[in-house]
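Have the viewer open as you read.

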Amino acid sequence: MSLATLVGRYAGLLLLACVPLGLTWNDPYWVNILAYAYLFAALACAWNIIGGFGGQFSLGHGVFFAIGAYSVARLYLDLGMTPWLAVFPAAALATLVALLISWPTFRLRGPFFAIATMAINEACFALANYTDHLTGGPRGILIPFRAGFWNMIFIERWKYALLTFGFMSIVVLITALLRRSRLGHYLLAVREDEDSARSAGVDVLRVKLLGMALSAALTGIGGGIFAMYVRVLDPPTLFALPDIGVKFALISLIGGIGTIMGPVVGALLIVPVENFLRGTLGGAIPGGHLIVLGIILVCAALFLKRGIVGEFTGAVRRIRNRKRS
Amino acid sequence: MTGTPFLSVENAVRRFKGLIAVDTVSFEIERGEILSMIGPNGAGKTTMFNLITGQLSLSDGAIAFRGEQISNLPPHVRAQRGMGRTFQIAKPLIGLTTRENVMVGAFLRHHRFAGAYDCASEVLAEVGLEARAEIPAGELTLSERRRLEIARALALSPELILLDEVMAGLNATEVTEVIDLIQRLNGQGMTFLVIEHNLKVVRAVSRRVIVLDHGVKIAEGTASEVLSDPTVVKAYLGKRAQ
């Protein structure tokens, strides 16, 4: 496939993902959900770079997300830097921390790596509670509402949705280009078999670190955008595993881990369903929406092993093969 | 032999706790030759392979490749220096297509997509897998997986290829095809180190053979010399067979 067809194909798919926004752009309830869905699609795509392509099942991406959010908030509040620029130093800091964390933990394989990154997430959660001067401690940071383009704060909700949609589009295109690049192929090789990758000249640790760096940088930018959207940053909002660290992985798993559009499909499905369940069940049975969500996740794990996109492309290929033979 | 040897293994030793898997083995390979390594199961052949390619480190001794010491280099650097290998148990990247498997190797010398893609196409045609290029490698048959192993090694454009029992499980026709392939590549100047149980193959491809038994090199010479050596026969068939 040539580069032009590739970009064209994903531009088309993204246009499709834009349709719900076009239908509901003046309904604040749905636009809010879509803004979240696009943002989490982007974040899951970013996680998918190292978690899906690289096969390193990180549950610690909440750390990079939180670093992005806190950095943008601090740079905006203390130095008056516009969030449009502040996301870049935030991404750099998230990358640096990611490399420091990954260097030792990449010695661990499979579930041990997942557990270690989860533990780091929890340690940083505790740390954020104690560093009042940076994070505002348990009370958190409040970003005052001063609408304006350069403040990345808008009165109209659809502008946020457009912003997160734009971010998602960029992340999807980066992933699509990565997938056919040298680094992309090396990440997949590392996921499949490290020994085999080494004998093909792949520096396994370096490839994992590069994948993690890219993933963490994009996650940090996503955290910064999140900060300017919610404008209330406290540790539970940024570090809670079921809402952040684990959710990136779950969205990718349901949509199709290691596929390019999987995380987008997963987020567009899970985020609205979760909101709907919280709205309808949350009042009657406290935590009821989590039970239903849990059942959906178990069913997906049992019957959709390759995720929605993975199963779909597999089915398309089988039908094509049958026609050919 | 003139000048420095292409690959030289000097007094290589590898211990696993109490077991000595490779015990002070030395041999050399000349550029452009096909050297076979034979020996009964557990003789240390695959361990020797892993020592040469760097998957295992030496307990003692030294290995030099093209005149340079490589004993302390990690496997990916040895691959970059021009070594390609296959694994005894084929290790295709099953989640990737056949072409992508080969492209992973091709990216070593071709940093851009188009170059790696074209290189993969050439290599796949060479081993006769071009028709299977776009299917997941997990769906290949055993003989196709063996050919994919060779293709992945070839994609590295190596100067030395180490083949670990690539004939195992192939039928007679397929064996002939792979022999042809090895001879064709050798004709283009590629050097081979081959582990092989099939003695017909050993006779067909190699001028020189070394024999390992219990980690020790017990014989070295031409195929017919070695195969009629009484110690070799003893190692393979046991003492009473004499």
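## Strands in chain B

Val9(B) stands opposite Ile63(B), a residue of S4(B). Before going on, note that this is a predicted model, in which local features need pLDDT of at least 70 and side-chain atom pairs count only at pLDDT 80 or more, while totals for chains, interfaces and linings use all residues. Residues are numbered from 1 along each chain as its sequence is written, and chains are lettered from A and ligands numbered from 1 in the order in which they are written.

Strand S1 (residues 7-16) and strand S4 (residues 60-65) of chain B run antiparallel and are joined by five bridges. Strands here are DSSP E runs of at least two residues and helices are H or I runs of at least four, numbered from the N terminus; two strands pair if DSSP finds at least two bridges between them. S4(B) also has two bridges to strand S5 (residues 68-69) of chain B, again antiparallel. In that pairing, Ala64(B) has Gln69(B) as its bridge partner. S4(B) and S5(B) make a hairpin with two residues between them, and Arg66(B) in the turn has a positive phi of about 50°.

## Tyr117(B)

Tyr117(B) sits in helix H4 (residues 113-127) of chain B. Buried or exposed? Tyr117(B) is partly exposed, because 18 other C-beta atoms lie within 10 Å; the cut-offs are 20 or more for buried and 12 or fewer for exposed, with partly exposed in between and C-beta atoms placed from the backbone.

## Helix packing in chain A

Helix H8 (residues 182-192) of chain A is mostly covered, with 10 of its 11 residues buried. Those buried residues pack against H2, H7, H9 and H10 of chain A, together with H3 of chain B. Contact here means C-beta atoms, placed from the backbone, within 7 Å.

Two helix pairs can be set side by side; axes are lines fitted to C-alpha atoms over the stretch in contact, and angles run from 0 to 180 degrees between N-to-C directions.

| Pair | Angle | Axis separation |
|---|---|---|
| H8(A) and H10(A) | about 115° | 10 Å |
| H3(A) and H10(A) | roughly 50° | within 7 Å |

The angle makes H3(A) oblique to H10(A). Angles under 35 degrees count as roughly parallel, over 145 as roughly antiparallel, 65 to 115 as roughly perpendicular and the rest as oblique. The crossing of H3(A) and H10(A) is right-handed, whereas that of H8(A) and H10(A) is left-handed; left-handed means the near helix is turned anticlockwise from the far one by less than a right angle, right-handed clockwise.

On the H8(A) side, Leu183(A), Tyr186(A), Leu187(A) and Val190(A) make the contact with H10(A). By class, this contact has seven nonpolar, one polar and one charged residues. Nonpolar covers Ala, Val, Leu, Ile, Met, Phe, Trp, Tyr, Cys and Pro, charged covers Asp, Glu, Lys and Arg, and the others, Gly among them, are polar. Where H3(A) meets H10(A), the residues include Phe64(A) and Phe65(A) from H3(A) and Gly220(A) and Phe226(A) from H10(A). That contact has 12 nonpolar, eight polar and no charged residues.

## Between the chains

The chain contact takes 17 residues from chain A and 23 residues from chain B. On the chain B side, helix H2 (75-80) and helix H3 (98-106) are the elements that give two or more residues. That side divides into 12 nonpolar, seven polar and four charged residues.

Methods: Contact = placed C-beta atoms within 7 Å.
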